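Student: I would like to go through this structure with you. Please tell me how each label is reached.

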Amino acid sequence: MMEKMDRNIVSEEEKESSGGGLQIVAKFLPYWPLLILYSLLAFAAAYAYLRYATPIYQASATLIIKDQSRGAGEDSKIIESLDLIASKKTIENEIEVLKSRALMEKVVKALFLYAPISQEGKLKSGDAYVLSPIKIEALNPDSIQEFEKIEFSYDKSTQTVLLNNKDKYPINQFVSTPYGTLRFLPNKYKPAISIPAKKQMFFSLMEPQSVASWLIKGVKISPNKQSAIIELSYKDPIPQRAVDLLNQLIILYDKASISEKNTLALNTLSFVNEQLSSMAKDLDSVERKIQQYKSGSGAVDIGAQGASYLKNVGEN
């Protein structure tokens, strides 16, 4: 009897659950066209995002800093004690140098990042850092007048650049243009080929200071607490530009360090020469005073008298 009652209860529960499921289906059944539409829209949005979203790439590099307080053994301390010209460095100070706007401005000028080149696309313009056949260099980047969009085309047969379909200029030499004194250089990442009309390219001119201030924000520097190694990283839509930026940053940092050491060596040498010159003058003055004293007081020069006596003895 108990078994029958249990079976009846289970069957009733199954009926209620199946009935509840049917009620839910029946509740949303009239809206199935909307559900399908929303699903299609979601897939379309995901496809559009993946198709047109700009991917971001990261480049990284490591740099060794000679910090006396980290990773320095007895041998390195002895070598550093012998190097009297070397300046004292710390990880914290060198990170500030690497993140300085002055150093980044040199990177911007070296890579011509103040004249970014773009290429028109179907929906939006794309970066043409490695696609453009030319690069644009300004004679005096510090006095650049900003321009947002300057269209250009390159003709390989005549080795000329046409700006805004008006003015034509040769490459590899500075020329006077309505946008300043510029030079158009072949891009090492792209063979010098003519640009098809359907792929219009243009460049902008920006102040190096503004570009440097914007780029500094993207440079990440992570010190290693256990050693004198720091890691630099930078994210960019163009992976080659990220690599170039970090490489140029390290190159210019090394040049600045060498220049600082040379300046310190020259200053030290100048100081030593000045001290030697001053000491030579002092010694000469002392010798003159001694001679004046001897001649005035009739003092006998024992050394000179002894030499004269030995000479006379030798002659006799």
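Tutor: Start with aromatic pairs: rings of Phe, Tyr and Trp (its six-membered ring) pair if their centres lie within 6.5 Å, and planes under 30 degrees apart count as stacked, over 60 as edge-to-face and the rest as tilted. By this rule the count comes to 5 aromatic pairs. This is a predicted model, in which local features need pLDDT of at least 70 and side-chain atom pairs pLDDT 80 or more, while totals for chains, interfaces and linings use all residues. Residues are numbered from 1 along each chain as its sequence is written, and side-chain values use heavy atoms, leaving out hydrogens and water.

Student: Why is the pair of Phe 147 and Tyr 179 called edge-to-face?

Tutor: The ring centres of Phe 147 and Tyr 179 are 4.9 Å apart and the planes stand at 85°, so the pair is edge-to-face.

Student: What makes this pair of Phe 147 and Tyr 179 tie together parts that are apart in sequence?

Tutor: Strands (E, at least two residues) and helices (H or I, at least four) are DSSP runs, numbered from the N terminus. Phe 147 lies in strand 5 (residues 147–155) and Tyr 179 in the loop between strand 8 (174–177) and strand 9 (180–186), so the parts tied together are 32 residues apart in sequence.

Student: Why is the pair of Phe 152 and Phe 203 called tilted?

Tutor: The centres of the two rings are 5.9 Å apart and their planes are at 55°, so the pair of Phe 152 and Phe 203 is tilted. Phe 152 lies in strand 5 and Phe 203 in strand 10 (residues 201–205), so this pair ties together parts that are 51 residues apart in sequence. Phe 152 and Phe 203 are both buried.

Student: How do you know that the charged end of Lys 135 sits over the ring of Tyr 129?

Tutor: A charge sits over a ring if NZ of Lys or CZ of Arg is within 6 Å of the ring centre and within 35 degrees of the ring normal. The charged end of Lys 135 sits over the ring of Tyr 129, 3.5 Å from its centre. For Lys 149 over the ring of Phe 202, the distance to the centre is 4.7 Å.

Terms used
Buried means under 20% relative accessible area, exposed over 50%, partly exposed in between (1.4 Å probe, protein chains only).
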